[in-house]
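Q: I would like to take a close look at one part of this model with you. Could you walk me through its sheet slowly, as I am new to reading structures?

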Amino acid sequence: MMMNRRTFARGLTAAIGTIAIGGLAQAQTVELAQNSCQAIGQRVASQNGATLVSAKQEGSVCRVVILKPGSGGSRPRRETIDVAM
């Protein structure tokens, strides 16, 4: 069966549209997970009376780094906490 240029172009456009939509959905999922990890980090920091340094998703774990105030005027302590997502 011969395919004319118009039919080929429609098929190609549909395929590219499907790829673009699939990539967008994946990008949104990654962004939502990162936002969730950031929210988890903020919650952990507030529960510990600390300052959030970073919150990054690594696989199924959110790695949260916080600074806890030191006692008696000493330096703040850096603590890394892994939270399962």
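What is the order of the strands in the open sheet, and is their pairing parallel or antiparallel?

A: Happy to! The three strands of this open sheet lie in the order E1-E2-E3, and their pairing is antiparallel. Strands pair here if DSSP finds at least two bridges between them. Helices (H or I, at least four residues) and strands (E, at least two) are DSSP runs, numbered from the N terminus.

Before we go on, a word about the model. It is a predicted one, where local features need a pLDDT of at least 70 and side-chain atom pairs count only at pLDDT 80 or more, while totals for chains, interfaces and linings use all residues. Residues are numbered from 1 along each chain as its sequence is written, and side-chain values use heavy atoms, leaving out hydrogens and water. The pLDDT is the predictor's confidence in each residue, from 0 to 100. The protein chain averages 77, and 60% of the residues score at least 70. Residues 12–21 have a pLDDT below 50, and beyond near neighbours in sequence this stretch has zero contacts in the model; a contact means heavy atoms within 4.5 Å. Where pLDDT is low, the predicted coordinates should not be read in detail.

Now to the sheet and its place in the chain. The protein chain has one helix and three strands, and from the N terminus on these elements run α-β-β-β. Strand E1 (51–58) and strand E3 (77–84) are the edge strands, each pairing on one side only. From one strand to the next the twist averages 20 degrees; such angles run from 0 to 180 degrees between N-to-C directions, with axes fitted as lines to C-alpha atoms, for helices over the stretch in contact.

Let us follow the pairing from E1. E1 and strand E2 (residues 61–68) are joined in the antiparallel sense over seven bridges. Leu52 has Ile66 in E2 as its bridge partner, Lys56 stands opposite Arg63, and Gln57 stands opposite Cys62. The hairpin of E1 and E2 has two residues between the strands, and Gly59 there takes a positive phi near 70 degrees.

Apart from neighbours within four places in sequence, Arg77 is in contact with Ile66, Leu67, Lys68 and Pro69.

Lys68 is in E2, and Lys68 counts as buried because its relative accessibility is 17%. The cut-offs are under 20% relative accessible area for buried, over 50% for exposed and partly exposed in between, using a 1.4 Å probe and protein chains only. The side chain of Lys68 makes a polar contact with the side chain of Glu79, at 3.1 Å. A polar contact is a pair of N or O atoms within 3.5 Å; within protein, one must be able to donate a hydrogen and the other to accept it, and residues adjacent in sequence count only if both atoms are side-chain atoms. Not counting residues up to four places away in sequence, Lys68 touches Asn48, Ala50, Pro76, Arg77 and Glu79.

Finally, how does the sheet meet the helix? The largest nonpolar core has 10 residues, including Cys37, Ile40, Cys62, Val64, Ile66 and Val83. Such a core is a set of buried Ala, Val, Leu, Ile, Met, Phe, Trp, Tyr and Cys residues joined through side-chain atoms within 4.5 Å. Helix H1 (5–47) and E2 each supply at least two residues of this core, and H1 gives the most, with four. Cys62 shows the meeting well: leaving aside neighbours within four places in sequence, its contacts include Cys37, Ile40, Ala55, Ile81 and Val83.
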